[in-house]
Amino acid sequence: MSKILLAIQGFEPEAWLERFRTLSGAKHEVRLWPDVEGASDFDYACVWKQPHGLLASLPNLKAIFSLGAGVDHLLQDTALPDVPIARIVDPDLTIRMVGYVVLHAHLHHRQMKIYERQSIERAWIDHNEPPPRSIRVGIMGMGVMGQASAKGLLASGFSVLGWSRAPKKFEGVEMFDGEAGLKTFLGKTNILVCLLPLTAATKGILNYILFKQLARDPIAPALINAGRGGEQVENDILRALDDGTLAGASLDVFEKEPLPPESPLWTHPKVYVTPHNAASSDPRALVANILSQIENYERGGKLENLVDRKLGY
Ligand code: NDP
Ligand code: OXD
């Protein structure tokens, strides 16, 4: 029997506990922080925004699991024990992200903010959007989420470009990499999708200077950020929207979450705001994935989707 600690802030912890206990049966003992009564003999920790220092106080820990795809929340803890860290890769999470990206690419290509306004004004005006194939959607971050989103966008008829850290090839996608490839990638991109992990290299990358480099033909550029809020400079997004550098933005993540009520992004006529739920971690779908990783590891198998602490993702 393994002892599993859940340390969850920001998600609904009880739903995770219930699902872990239901699927574990008698196989594992599952406890939810802070209700651990001084126990520290846990084998595994499954966390979302765990309190810093908690994991370092668990001497028997064999591995840590992030309850989401991103691990920036976890790696911010500077006292992490030296055990493997695995992140979630699951079809449920991935398909949700594909849905978000494809939906918002369509919203910008089809100028839905304009038609929403026209509907209120009862104005029957067709703006003759250019063919989808002529719209180039550029994805920053061609990992699990980026690759699946690229397929969804291609199936919707868009042209797709990708940008990654290291060189990569994907069928039907024009790929760029590193600092050297960024300028050309941006210069060809109409709708920019950010699916990057938050690291020292990506912090603040979505700024005014970058927006200025986006292609303006056949449509003015739009930004879709479902990566992390720390990657965007919100004042720069507002400036770019207001001076026409960006025609629109879909933001699922923010510098500060929840987005403060006084943020002008909430009511900006060119912005779609969603509450960091482009791809929500759902315990009904993800707990089985984590338990099967634990059970495989206990049998001597390898952990999958390990995080490289140096790269930060
Ligand atoms: P992956 O680790 O599979 O992919 C990350 C991608 O980013 C890789 O292609 C990587 O390049 C690229 N990358 C990293 N650093 C750089 C850099 N400095 N320059 C260029 N490219 C870089 O992650 P996922 O696809 O699973 O998830 C991506 C992110 O999406 C998560 O980290 C999280 O922040 C966010 N996310 C948001 C959700 C939401 O609901 N809003 C839900 C789930 C995830 P390379 O391939 O060369 O390594
Ligand atoms: C994740 C997220 O990283 O939900 O999975 O942001």
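Begin by selecting M145 together with ligand 1, where a backbone N or O atom of M145 lies 2.9 Å from an oxygen atom of the ligand. Keep in mind throughout the tour that this is a predicted model.

**Around ligand 1**

A polar backbone atom of M142 is 3.0 Å from an oxygen atom of ligand 1. Next select Y313, where it is the side chain that takes part, with an N or O atom 2.6 Å from an oxygen atom of ligand 1. If you then widen the view, you will find that 28 residues surround ligand 1, and that the closest are R87, A166, K168, D252 and Y313.

**Around ligand 2**

Now move to ligand 2 and select W48, G68, A69, G70, R228, H276 and A279, which surround this ligand. Within that group, show A69 and look at its backbone, where a polar atom is 2.7 Å from an oxygen atom of ligand 2. The side chain of R228 has an N or O atom 2.7 Å from an oxygen atom of ligand 2, and the side chain of H276 has an N or O atom 2.6 Å from an oxygen atom of the ligand.

**Two crossing helices**

Two packed helices are described by the angle between their axes and the distance between the axes. Select helix α1, residues 13–24, and helix α9, residues 283–298, whose axes come within 9 Å and cross at roughly 50°. That angle makes α1 oblique to α9, and the crossing of the two helices is right-handed. To see the contact itself, show the side chains of A15, W16, R19, F20, L23 and S24 in α1, which meet P283, R284, L286, V287, A288, I290 and L291 in α9. Sorted by class, this contact of α1 with α9 has 10 nonpolar, one polar and two charged residues.

**Backbone details in the loops**

Most residues other than glycine have a negative phi, and most peptide bonds are trans. With that in mind, select K49 in the loop between β3 (44–48) and β4 (63–66), where this residue, although not a glycine, has a positive phi of about 55°.

Go on to P218, which is placed in the loop between α7 (208–212) and β10 (222–225), and look at the peptide bond from D217 to P218, which is cis with omega near 5°. Finish at P258, in the loop between β11 (248–251) and β12 (271–273), where the peptide bond from E257 to P258 is cis, with omega near -5°.

Technical notes. Residues are numbered from 1 along each chain as its sequence is written. Chains are lettered from A and ligands numbered from 1 in the order in which they are written. This is a predicted model: local features need pLDDT of at least 70, side-chain atom pairs count only at pLDDT 80 or more; totals for chains, interfaces and linings use all residues. Side-chain values use heavy atoms; hydrogens and water are left out. Axes are lines fitted to C-alpha atoms, for helices over the stretch in contact, and angles run from 0 to 180 degrees between N-to-C directions. Helices (H or I, at least four residues) and strands (E, at least two) are DSSP runs, numbered from the N terminus. Angles under 35 degrees count as roughly parallel, over 145 as roughly antiparallel, 65 to 115 as roughly perpendicular and the rest as oblique. A crossing is left-handed if the near helix is turned anticlockwise from the far one by less than a right angle, and right-handed if clockwise. Contact means heavy atoms within 4.5 Å. Ala, Val, Leu, Ile, Met, Phe, Trp, Tyr, Cys and Pro count as nonpolar, Asp, Glu, Lys and Arg as charged, and the others, Gly among them, as polar. A residue is near a molecule or strand if one of its heavy atoms lies within 4 Å of it. A polar contact is a pair of N or O atoms within 3.5 Å; within protein, one must be able to donate a hydrogen and the other to accept it, and residues adjacent in sequence count only if both atoms are side-chain atoms.
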